[in-house]
Amino acid sequence: MNENQLSKRLHYVASYIKKGMKIADIGSDHAYLPCYAIKQGTASFAVAGEIAEGPFQSAKEQVEKVQLGHLIDVRKGDGLEVIGPNEVDCIVIAGMGGPLIAQILENGKEKLDGVSRLVLQPNIGAAHIRRWLLENGWKLIDEHILEEDDKTYEVLAAEKGVLSRPYNSDELLLGPFLLKKKNEAFQKKWLSELRVWQNILNSMDKATDRPETEKKRQELLKKIAIVKEALK
Ligand code: SAM
């Protein structure tokens with residue numbers, strides 16, 4: 001894939017960037033997302049942040065190749081440490097696990113003062129992000145779930161704000177917006193999760209009944225009940 005053939009997943013991520021926004025794409029890897037957002041005229045400036053040397057070099061090469069070095073600054077560092085205070089309006093973190101995305105936001109909290117929008121695309125564990133948003137004064141403004149290459153991806157967009165009531169456990173797990181739409185990708189993702197959880201549960205039943213195992217079993221049973229109800 002190259003920047004001219006942006007994945008469907010990254011297209012959805014980019015669709016949540018508002019015109020003229022200055023963005024930071026954290027964990028940018030190949031920098032396809034910032035290159036696309038700048039070329040489209042959506043973002044006006046971008047920081048591409050990367051922690052690892054290989055992807056950092058790959059981002060630099062890509063930005064040079066498309067001659068966008070004056071508008072995209074590739075920086076090496078951990079999470080939000082690559083951005084200065086009030087430098088960007090929008091932070092994008094895509095293609096990682098939900099717990100890691102939530103950790104990056106938590107570690108860089110002081111950098112979020114001037115940020116008005118977060119666009120987050122967890123590959124797994126989106127509930128960790130929804131919980132972090134809830135606990136830190138951000139609210140979801142939209143979510144989307146899509147299927148690409150036989151995998152499902154969730155995209156979450158959030159802005160600062162307090163909810164009239166906190167998300168309940170169904171909404172935390174499945175997504176308040178996704179629950180309303182329950183599209184094909186949603187059904188596919190959760191049917192597949194159900195199968196995985198059922199297998200774990202079956203293997204647990206055979207294991208010893210230690211208190212930790214029982215706690216895990218109860219958590220799984222709760223999640224299974226939530227998902228089964230949603231898929232009815
Ligand atoms: N964002 C791109 C996308 O969605 O296609 C690339 C996703 S890639 C699977 C995840 C990237 O995040 C890797 O290149 C990894 O080095 C980077 N990464 C992981 N933890 C990071 C952190 N704490 N700070 C910055 N980058 C990080």
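Is K18 buried, exposed or partly exposed, and what is its relative accessible area?

Analyst: The model is a predicted one. In this model K18 is partly exposed, because its relative accessible area is 42%, a value that lies between the 20% under which a residue counts as buried and the 50% over which a residue counts as exposed.

K18 forms a salt bridge with E159, in which the closest N and O atoms are 4.0 Å apart. This pair links distant parts of the chain: K18 sits in the loop between α1 and β1 (21-26), whereas E159 belongs to strand β7 (residues 151-160), and 141 residues separate the two. E159, with a relative accessible area of 24%, is likewise partly exposed.

Both partners also touch R117. Leaving aside neighbours within four places in sequence, R117 is in contact with a list of residues that includes K18 and E159, and also Y16, M21, W138 and A158. R117 is found in strand β5 (residues 117-122). R117 has a relative accessible area of 9% and is therefore buried. A polar atom of the R117 side chain lies 2.8 Å from the backbone oxygen of Y16. Further contacts of R117 include D89, C90, I91 and I141.

A search of the whole structure finds 17 salt bridges. One of them joins R130 to E143, with the closest N and O atoms 2.7 Å apart. R130 lies in helix α5 (residues 126-135) and E143 in strand β6 (residues 138-148), so this pair ties together parts that are 13 residues apart in sequence. Both R130 and E143 are buried. These two residues also belong to a network of salt bridges that links R130, E143, E154, K189 and E193.

Another salt bridge is formed by K232 and E229, whose closest N and O atoms are 3.1 Å apart. K232 counts as exposed because its relative accessibility is 77%. E229, at 47% relative accessibility, counts as partly exposed.

The shell around the ligand holds 19 residues, of which R9, G27, E50, D78 and G79 come nearest. A backbone N or O atom of G27 is 2.7 Å from a ligand nitrogen, and a polar side-chain atom of D78 is 2.8 Å from a ligand nitrogen. For A94, a polar backbone atom lies 3.0 Å from a nitrogen atom of the ligand. On its own the ligand has 600 Å² of accessible area, and the protein covers 80% of this. The elements that give two or more residues to the shell are α1 (8-15), β4 (90-96) and α4 (98-107). Among these, β4 gives the most, with 3 residues.

Key. Residues are numbered from 1 along each chain as its sequence is written. This is a predicted model: local features need pLDDT of at least 70, side-chain atom pairs count only at pLDDT 80 or more; totals for chains, interfaces and linings use all residues. Side-chain values use heavy atoms; hydrogens and water are left out. A residue is near a molecule or strand if one of its heavy atoms lies within 4 Å of it. A polar contact is a pair of N or O atoms within 3.5 Å; within protein, one must be able to donate a hydrogen and the other to accept it, and residues adjacent in sequence count only if both atoms are side-chain atoms. Accessible areas come from the Shrake-Rupley method with a 1.4 Å probe; for residues, only the protein chains shown count as cover. Helices (H or I, at least four residues) and strands (E, at least two) are DSSP runs, numbered from the N terminus. Buried means under 20% relative accessible area, exposed over 50%, partly exposed in between (1.4 Å probe, protein chains only). Contact means heavy atoms within 4.5 Å. A salt bridge is a side-chain nitrogen of Lys or Arg within 4 Å of a carboxyl oxygen of Asp or Glu.
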